[in-house]
Amino acid sequence: MKALQYRTIGSAPEVVEIETPEPGPGQVRLKVTAAGVCHSDDFIMSLPEEHYVYALPQTLGHEGAGTVDKLGDGVAHLELGTSVAVYGPWGCGRCYECSKGSENYCTNAHEFGIRPPGLGSPGSMAEYMIVDSARHLVPLGDLDPVKNVSLTDAGLTPYHAIKGSLDKLHAGSTCVVIGVGGLGHVAVQLLRAMTPATVVALDISEEKLNLATDVGAQYTFPSEPGAVATVRDLTRGEGVNVVFDFVANQATMDLGHAMMRPQGDQVLVGVGAGVLPVGLTTGAMESTIRSPYWGSRPELIEVLDLARTSGINVHTEVYSLDNAPEAYAKLHRNEIMGRAVVVP
């Protein structure tokens, strides 16, 4: 079968021919119908060799959808041909967090060497993929896999981040979304569907600010130091209740920190890194800084239900598997609007 693999440190991913995998006991093989292209993939492929922790070659793709193609021994109550989405942050299935469906916070995954697809385990950028357990499959029903596959991360991750701050997103509140890319433009839609808060979007790209307006942001401004005064004026000098930072580099973290109001949340969702001052005299009093990761299995079900009932959608650009390297090249150049989706 064909697969898109990251094979050499510092090189672009390649489309290669590999053996079609067979499911072992408890596993499920999917015929892949769609796979999402994510900045996390670009991030791991930009790591120097001393910081790269995954095996090579690595079949990419942690956003996946497919139809059930073959069942391993012991798998029951799952029909061949069923259209499913793949829940990505796999865990042990036995610890307290996994028992709640929060496999994104599994306490045993590191010890047991459990890796998400495309981030350590073979991913969805292939004609077929193996899913370790049927519990990681969520029925798509009548949802189009190409249009909705990226909800498994680009929808689930902001949904999980937003749920952690719902008590602060009340009527009269204001929130800021920094970075209106693959996750950020879905976050704007989720905020409008789930809360009465006023949504402000910041980005360095005018095109992405236009996308933010199209999907529901009430205000958009360039992501630059002057945005602090602009946003504070918008909130009558009080600052914002919640900042959702989908970039999370030093510049955006400083920007968000300067906008906070007392008792607000600064939620760092992006894969960047930086340093923020903490303490009673170094920022808004009783404010919090959170770094949520992905989301739970029940939350993925909720996100897909929102797609059915509230029109939550991902702006997609579609590529064939043969053209997938170009999708990653465009992602690296920051030229993708919304999400690129690969269809094998």
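Is Glu22 buried, exposed or partly exposed? Select Glu22 to begin: at 48% relative accessibility it counts as partly exposed, because exposed means over 50% and buried under 20%. The structure on screen is a predicted model.

**Stop 1**

Lys70 is partly exposed, with a relative accessible area of 34%.

**Stop 2: Asp142 and Arg308**

Now select Asp142 and Arg308. Their side chains meet in a salt bridge, with 3.7 Å from N to O. Asp142 lies in the loop between β8 (137-139) and α4 (145-148) and Arg308 in helix α10 (residues 297-310), so this pair ties together parts that are 166 residues apart in sequence. Asp142 counts as exposed, at 69% relative accessibility, whereas Arg308 counts as partly exposed, at 36%.

**Stop 3: Glu299 and Lys163**

The side chains of Glu299 and Lys163 meet in a salt bridge (3.9 Å, N to O). Glu299 is in helix α10 and Lys163 in helix α5, so the pair ties together parts that are 136 residues apart in sequence. Glu299 is buried, with a relative accessible area of 8%; Lys163 is partly exposed, with 31%.

Before moving on, select Glu22, Arg29, Asp69 and Lys70 together: salt bridges that share partners join these residues into one network. The count for the model comes to 19 salt bridges.

**Stop 4: helices α5 and α6**

The crossing of the two helices is right-handed. To see the contact, show Pro158, Tyr159, Ile162 and Lys163 in α5, which meet Ala187, Leu190, Leu191 and Met194 in α6. By class, this contact has seven nonpolar, no polar and one charged residues.

**Stop 5: helices α8 and α9**

Next, select helix α8 (residues 227-234) and helix α9 (residues 250-259). They pack at an angle of about 30°, and their axes are 9 Å apart. That makes α8 roughly parallel to α9, because angles under 35 degrees count as roughly parallel. The crossing of α8 and α9 is right-handed. From α8, Ala227, Val228, Val231 and Arg232 meet Leu255, Ala258 and Met259 in α9. The contact has six nonpolar, no polar and one charged residues by class.

**Stop 6: Cys38**

Which residues is Cys38 in contact with, leaving aside its neighbours within four places in sequence? Select Cys38 in the loop between β3 and α1 (39-45). Cys38 is buried, with a relative accessible area of 3%. Now show its contacts beyond those neighbours: Cys38 is in contact with His62, Asp153, Tyr328, Leu331 and Arg339. Cys38 and Ser150 are 112 residues apart in sequence and 8.7 Å apart in space, C-alpha to C-alpha.

How values were computed. Residues are numbered from 1 along each chain as its sequence is written. This is a predicted model: local features need pLDDT of at least 70, side-chain atom pairs count only at pLDDT 80 or more; totals for chains, interfaces and linings use all residues. Side-chain values use heavy atoms; hydrogens and water are left out. A crossing is left-handed if the near helix is turned anticlockwise from the far one by less than a right angle, and right-handed if clockwise. Helices (H or I, at least four residues) and strands (E, at least two) are DSSP runs, numbered from the N terminus. Contact means heavy atoms within 4.5 Å. Ala, Val, Leu, Ile, Met, Phe, Trp, Tyr, Cys and Pro count as nonpolar, Asp, Glu, Lys and Arg as charged, and the others, Gly among them, as polar. A salt bridge is a side-chain nitrogen of Lys or Arg within 4 Å of a carboxyl oxygen of Asp or Glu. Buried means under 20% relative accessible area, exposed over 50%, partly exposed in between (1.4 Å probe, protein chains only). Axes are lines fitted to C-alpha atoms, for helices over the stretch in contact, and angles run from 0 to 180 degrees between N-to-C directions. Angles under 35 degrees count as roughly parallel, over 145 as roughly antiparallel, 65 to 115 as roughly perpendicular and the rest as oblique.
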